[in-house]
Amino acid sequence: MDHNRTPLFDALRSHAKQNPVQFHIPGHKKGAGMDPEYREYIGQNVLDIDLINIAPLDDLHQPVGVILDAQQLAADAFGADATFFSVQGTSTAIMAMIMSVCGHGDKIIIPRNVHKSILSAIIFTGARPVFLSPVRDTNLGIDHGVTTRSVRRALERHPDASAVLVINPTYYGVCTNLKEIVDLVHEYDVPVLVDEAHGALIHFSDDLPLSAMQAGADMAATSVHKLGGSMTQSSILNVRKGLVNTQRVQTILSLLTTTSTSYPLLASLDTARRQLAVRGKEIAGRTVAFAKKAREQVNRIPGLFSFGEELLGEEATYDYDPTKLTIHVRHLGITGYDAENWLREHYRLEVELSDMYNILCLITPGDDEESIGILIDALNAMSDAYHSENKEIRELVVKIPEIPHLALTPRDAFYGETELVAFKESAGRIIAEFIYVYPPGIPILLPGEVISQENIDYIVDHLEVGLPVKGPEDRSVTHVKVIMEETAIS
């Protein structure tokens, strides 16, 4: 295929150049009906291609023209049999992936440290999750991947599972032995689904871990916007034929996707694919080189640590993506949240996420010597500030609670009869809503799990240091929704 082509982007520009008289949505009509200040700021070109699914521009719900052409080029670039574009982020792609192979009561084997979109799909379908315990890193305070051993045990106990889902890589860039897991799961004729939200670059470089398609997975949801150069909210779902029905995938995506699809987002996927297919190896190589250089410099800064190849060697830490620069800050006696705020206040520098013990900085194709230099200067200054302020640095103690017991399926809990109770007094109750920190959006508690005092203390610690705890209807997390307990009738 000729990857220099951008069929969808070209069709949009050609249509805009004809300057048609529009009597269709969007109502701003090339910006004429829009607030002038916003129109001037955003620019005319993007407004000219902010169009709707008229015949010359194809229809994402049933593509037969330029969108289909663009998706076929993407499938070739990512090594898939079929690729579907998403204008609702990887969350919708993940939900479609799960809903394509799971129905009510079906079992799906998943790691416990999954994004909430996976659990949302489980609630929608009524599927039964079989949780795998990720390997915990008690030094860094994060979870890594799952082991092939744990997947094998789960399949031996649940050979009737409808799917196995794996994260590759994790938010922090760590990969399990995906090829080994895929081969094992396929022995049971079970499809492998991959949350590849943070792996847009890995397919295009030998310096990065194996991609889902390279490992033989059946479906993978990939955030092109995160690292691959497209606009925020644009993602793809890659599919391999055999254990998955591609027509079913298209049908489910159509159920979930808005009928007012964004053509600027779709065009950005088309052009991002071109850049990755034509220059991906060069771009990824340059990005990896910057990331390795940054990691070396971070590890020379007193009080900071960024893991690298020394972490590897176990099943759950089989490989890693160096472009995810996880910086451990607890030796400075501060939380990741403190570090995030300090960098914002003193250097106008924004990180991808902070947790209790780390900050995560993404090194992408958009970085250069200057941006890396600013990051290292800022981290050096932060180290100096906290070393001078704290002559005797008191290290934070790493605390990670055990995975809670799942007493009800997430769907039964989410739709069950509930009551509000004080969160600090909720130990022993079954929660009916999510509690998570976003980013990364991995639930600390999910519907159907039994709340422990350890969970409560952990969440309160996050709230007290200011980390963005989200999920409950009560945004202050003072009260939480739990399953109503039946009292005995006397």
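In which loop does Asp58 lie?

1. Before the details, some ground rules apply: this is a predicted model, in which local features need pLDDT of at least 70 and side-chain atom pairs count only at pLDDT 80 or more, while totals for chains, interfaces and linings use all residues. Residues are numbered from 1 along each chain as its sequence is written, and side-chain values use heavy atoms, with hydrogens and water left out.

2. Asp58 lies in the loop between helix H3 (44–48) and helix H4 (66–78), where helices (H or I, at least four residues) and strands (E, at least two) are DSSP runs numbered from the N terminus. Although Asp58 is not a glycine, its phi is positive, at about 70°. The residue counts as buried, because its relative accessibility is 8%, and the classes are set as follows: buried means under 20% relative accessible area, exposed over 50%, and partly exposed in between, with a 1.4 Å probe and protein chains only.

3. Asp189, which is likewise a residue other than glycine, has a positive phi near 55°, and it is found in the loop between helix H8 (178–186) and strand S8 (192–196). Asp189 counts as exposed, because its relative accessibility is 61%.

4. The loop between strand S16 (435–437) and strand S17 (442–445) contains Pro439, and Pro440 has its place in the loop between S16 and S17 as well.
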